[in-house]
Amino acid sequence: MEAELQEALRRCSADYAEVRWEELERSRVAFQRDQLMTLERSREAGGIVRALVGGAWGIAVFTDPDEIPQKLSEAARLARAAAHKVSDPIRLAEVPPVQDKFLPQLENDFREVPLEEKRKLAEAYNRLILGFSPEIVSSSVRYTDALRHVIYANTEGTYLEQAIPDVTVLLLAVARRNGDVQQAFESIGEAGGYEIAQGLEERAEAAARRAVDLLSAKPVKGGRYTVVLDQELAGVFIHEAFGHICEADFLLKNEPMRKVMQLGRRFGVEQLNVVEEGYIPGRRGNAPYDDEGVPRRKVYLIKEGVLSGLMHSRATAAKTGMEPTGNARAVSWEHEPIVRMRNTYIEPGEASFEELISGIDHGIYAKGAFGGQTEFEQFTFSAQYAYEIKGGELGEMLRDVVLTGNVFDTLRNIEAIGNDFQLKGGAGGCGKEDQSPLPVTDGAPHVRVRDVIIGGR
Amino acid sequence: MGILERATQAAESAELYEELRSTVDVTFRGGEIEKVASREILGRALRVIVDGRLGFASTAGEDEEGLLQAALASARHGDPAPFKFPKLSPGEEVEVLDEEVLGISPDELISWGEEAVRAIREEFPDVIVDVSLSRGTLKVRIENTSGGELTERRSLLSMGIEAQWIREGDIYLLWVGRTVRRRADLVPEELIAEALKYLRWGEHVVPAPQGKPPVLFTPKGTVVLFLPLMVGFSGLSVVMGTSPLKGRIGEQAFDRKFTLVDEGRLPYGPSSRSFDDEGVPTSRLPLAEEGVVKNFFFDLRAAALADADPTGSGIRGGMLGGGGFRTPPSPNVRNIVIQPGEGSLEDLIAEMREGIIVADVLGLGQGNIQSGAFSNNVGVGFVVKDGKVKGRLKNTMIAGNVYEVLKDGLKAIGGAPEWVYGTAYVPPILAEGVSVVTR
């Protein structure tokens with residue numbers, strides 16, 4: 001395909017253009033209670049071209065590879081239609097052209113595993129959940145694997161081939177007692193082979209046990225609390241509340257926000273370090289090269305409490321005079337790259353878990369991420385379950401714990417950072433604009449935050 | 001030989017779903033045009049039944065042989081199909097295509113975006129305005145071996161305005177949008193006026209009341225209430241035993257003022273269609289009438305499991321859109337309509353005297369949605385005192401349970417419904433019994 005792509009790009013009249021052609025091989029198995037809802041192994045292919053003319057982008061998405069030359073012309077034409085309206089043209093930071101292949105060898109290649117075996121694996125987890133207790137009334141078990149094979153070429157001479165594996169498992173249990181319905185889940189997602197999905201029996205039982213336990217848990221009383229977040233929730237917090245506002249695309253044409261996000265500004269305690277990294281072996285958020293063909297760079301978003309970097313595409317890097325970081329990612333061939341996270345984490349501190357909860361007279365230990373959303377300074381995310389902290393000790397189980405706050409206040413209110421760091425890739429993914437779910441990894445140690453608002457009745 | 005004909009050499013029955021999505025999208029960022037995108041996406045899904053077992057596969061692009069082999073392989077390890085593919089007969093068509101939408105040029109979309117930027121900047125020069133516009137069609141074709149073929153071309157037009165008002169110590173982020181099928185139903189000026197109204201209301205931040213003040217949901221804010229109902233009225237939730245409404249047909253589960261209809265056939269309704277994604281004709285399906293539970297909605301599978309009739313609700317894609325050809329059908333609403341009462345939003349504000357207005361929330365769907373629980377950060381909300389909007393609230397959460405709020409806490413339903421989320425036609429709702437926690 002290399003020769004055809006380069007020939008098509010050579011003929012393109014745009015200031016800059018790129019082509020991305022993707023082939024996806026994937027399997028899915030989904031059980032809901034006793035119903036096999038999905039059992040699929042299939043392939044798909046599609047492409048996108050992007051052309052920059054006069055500082056505006058034109059984009060064309062298609063499924064027929066023979067149309068690449070026409071689609072390049074179409075993208076250039078659309079860009080031209082917008083270009084004459086532009087007063088602040090988009091420029092691209094310079095990057096050296098690269099020719100590279102990143103095609104990892106999977107030890108236990110899920111493409112070699114028969115669909116029947118994947119079905120049996122999911123079915124066994126499902127049976128464990130449903131059989132755990134008579135109070136378990138339903139379940140949802142989902143297995144997915146995918147190998148995304150990406151060919152990328154641009155008019156600057158970059159030509160890349162990458163293969164990105166992704167395996168996820170969701171183990172969800174629904175329990176019911178009288179009119180009350182509670183659910184709990186375990187969620188696994190990594191970039192690797194079939195082994196990631198195997199041996200999760202204990203996780204399946206943990207989900208079922210927790211769903212049943214939640215039937216007896218007390219609903220949380222709304223109010224302001226000192227909260228200890230577990231690793232998963234602290235990871236979601238740093239991703240949702242802080243990570244998203246470090247994506248430089250929304251600063252691109254937003255002078256007031258650029259002032260808020262000045263490098264060198266203090267955001268938290270000295271012990272706070274937040275990292276955004278493009279490659280950690282086996283992690284879901286990995287993007288060795290991003291979807292603009294830019295090699296990864298590790299970025300400290302916060303170093304010793306001070307804002308020290310942002311995530312960039314080539315356009316945002318040019319605008320702010322920074323280096324591109326390899327954060328321009330697309331969820332699939334249907335979409336153009338936008339600035340996204342990869343593996344995002346809070347570095348470990350020194351406190352033990354006992355030190356974190358000791359001294360909290362009346363607080364909450366919140367565990368497991370249910371979901372989250374952010375709108376710049378406001379964020380919200382929910383815990384799967386929680387425990388009271390009373391007089392420095394863990395107490396009763398709580399449910400319906402949804403936390404909210406202002407990200408700048410909350411970062412300042414981080415009082416202590418644990419020493420028990422964990423990275424976690426879930427079965428879901430990150431959503432931004434209309435692109436979801438993008439594989440990402442979050443991580444953190446336990447973290448203690450004061451003055452968190454918790455909604456509740 | 002067509003793919004269905006080839007399928008029948010190995011399978012006793014088969015169904016092909018094909019969609020061609022053609023769109024043009026225009027995106028403004030920071031008040032300026034940033035990109036214009038054209039998308040032409042062909043997606044297909046094939047279901048087959050082999051020796052009584054169901055198989056599914058999907059693909060983008062032209063690879064028919066791959067699709068067929070994948071579906072047959074799926075069936076080999078599949079479970080017995082609980083349903084048969086229905087005979088497809090074109091019934092009465094619903095109006096879902098407006099040719100005028102197809103004629104809208106990128107230049108025209110750009111000019112609407114420019115007008116939004118100009119009008120908002122004129123009154124609020126410091127506000128950053130992003131605009132997204134999209135026009136296009138979805139052409140759907142369904143064919144199966146029970147006989148018949150259905151095709152429909154549906155138009156879609158959407159406009160969204162995001163306004164960011166960033167001042168020292170305060171960021172106000174507002175999004176208003178519309179998705180329609182007909183050009184005449186999208187009036188950019190109305191959308192701009194809505195954005196301006198909320199910007200004016202939100203200029204000053206004021207403290208929110210705590211406890212359980214009256215809460216007025218704007219049409220967009222009502223998603224907090226109807227999203228859990230979309231799960232609760234789903235035939236699949238009922239079959240799975242997770243719906244709190246299971247076994248309660250005929251019961252007074254809601255206030256008498258509350259009537260909820262799943263409208264599949266409203267002319268030019270943004271989620272209207274003549275048939276669902278399994279080829280079953282759509283219908284007007286009352287879910288609750290005067291508070292009494294009337295019906296659940298079913299796709300072929302859930303209907304077979306519940307021994308009920310399919311309701312034309314087999315949709316490929318998620319609750320608030322997305323998914324498409326890659327997702328096997330599941331029961332979902334078409335247009336969800338809450339029967340309006342009387343009075344405008346402003347009338348309800350005057351009536352409530354004191355309380356809060358919820359115009360948008362963060363964290364939709366988080367929490368125990370199956371039980372009806374909601375717990376959300378109020379993304380855009382306002383404080384009402386003496387029957388007037390006093391300003392915007394911040395750092396505030398609402399929490400409650402839909403099934404309690406709509407039974408014992410429903411004070412009034414307004415009379416000015418609006419289309420929200422491209423799937424619901426809903427009036428403002430005034431409720432009590434919602435907990436409000438603020439910093």
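**Notebook: domains, chain contact and helix packing**

I began with how chain A is divided, and the domain assignment gives domain 1 (2-216) and domain 2 (219-455). I keep in mind throughout that this is a predicted model.

Entry 1, the two domains of chain A. I looked up how far apart the C-alpha centres of domain 1 of chain A and domain 2 of chain A lie, and the value is 22 Å. The contact between these domains draws on 37 residues from domain 1 of chain A and 29 residues from domain 2 of chain A. I then listed the elements that give two or more residues to the domain 1 side, and found strand 1 (16-32), strand 2 (35-53), strand 3 (56-62), strand 5 (136-154), strand 6 (159-177), strand 7 (180-190) and helix 4 (201-216) of chain A. Sorted by class, the residues on this side of domain 1 of chain A come to 17 nonpolar, 10 polar and 10 charged.

Entry 2, the two domains of chain B. I noted that chain B is divided into domain 1 (3-201) and domain 2 (204-439), and that the C-alpha centres of these two domains of chain B lie 22 Å apart. Here the contact takes 34 residues from domain 1 of chain B and 30 residues from domain 2 of chain B. On the domain 1 side, the elements of chain B that give two or more residues are strand 1 (13-29), strand 2 (32-50), strand 3 (53-60), strand 4 (128-144), strand 5 (149-167), strand 6 (170-180) and helix 5 (188-201). Which of them gives the most to this side? I found that strand 6 of chain B does, with 7 residues. By class, the side of domain 1 of chain B that touches domain 2 of chain B has 17 nonpolar, 5 polar and 12 charged residues.

For chain B I recorded a mean pLDDT of 94, with 99% of its residues at 70 or more, and for the complex the predictor gives an ipTM of 0.93 and a pTM of 0.94. I counted 73 residues of chain A in contact with 63 residues of chain B. On the chain A side, the largest share comes from strand 2 of chain A, with 11 residues. The residues of chain A that touch chain B divide into 27 nonpolar, 25 polar and 21 charged.

I found A:Leu5, A:Ala8 and A:Arg11 in helix 1 meeting A:Ile68, A:Pro69 and A:Leu72 in helix 2 of chain A, a contact made up of 5 nonpolar, no polar and 1 charged residues.

From helix 3 of chain A, the residues A:Tyr125, A:Leu128 and A:Ile129 meet A:Glu201, A:Ala204, A:Glu205, A:Ala207 and A:Ala208 in helix 4 of chain A. This contact has 6 nonpolar, no polar and 2 charged residues. I also noted again that helix 4 of chain A is among the elements on the domain 1 side that touches domain 2 of chain A.

Methods: Residues are numbered from 1 along each chain as its sequence is written. Chains are lettered from A and ligands numbered from 1 in the order in which they are written. This is a predicted model: local features need pLDDT of at least 70, side-chain atom pairs count only at pLDDT 80 or more; totals for chains, interfaces and linings use all residues. Two residues are in contact if their C-beta atoms, placed from the backbone, lie within 7 Å. Helices (H or I, at least four residues) and strands (E, at least two) are DSSP runs, numbered from the N terminus. Ala, Val, Leu, Ile, Met, Phe, Trp, Tyr, Cys and Pro count as nonpolar, Asp, Glu, Lys and Arg as charged, and the others, Gly among them, as polar. Domain bounds come from an automatic or database domain assignment. pLDDT is the predictor's confidence in each residue, from 0 to 100.
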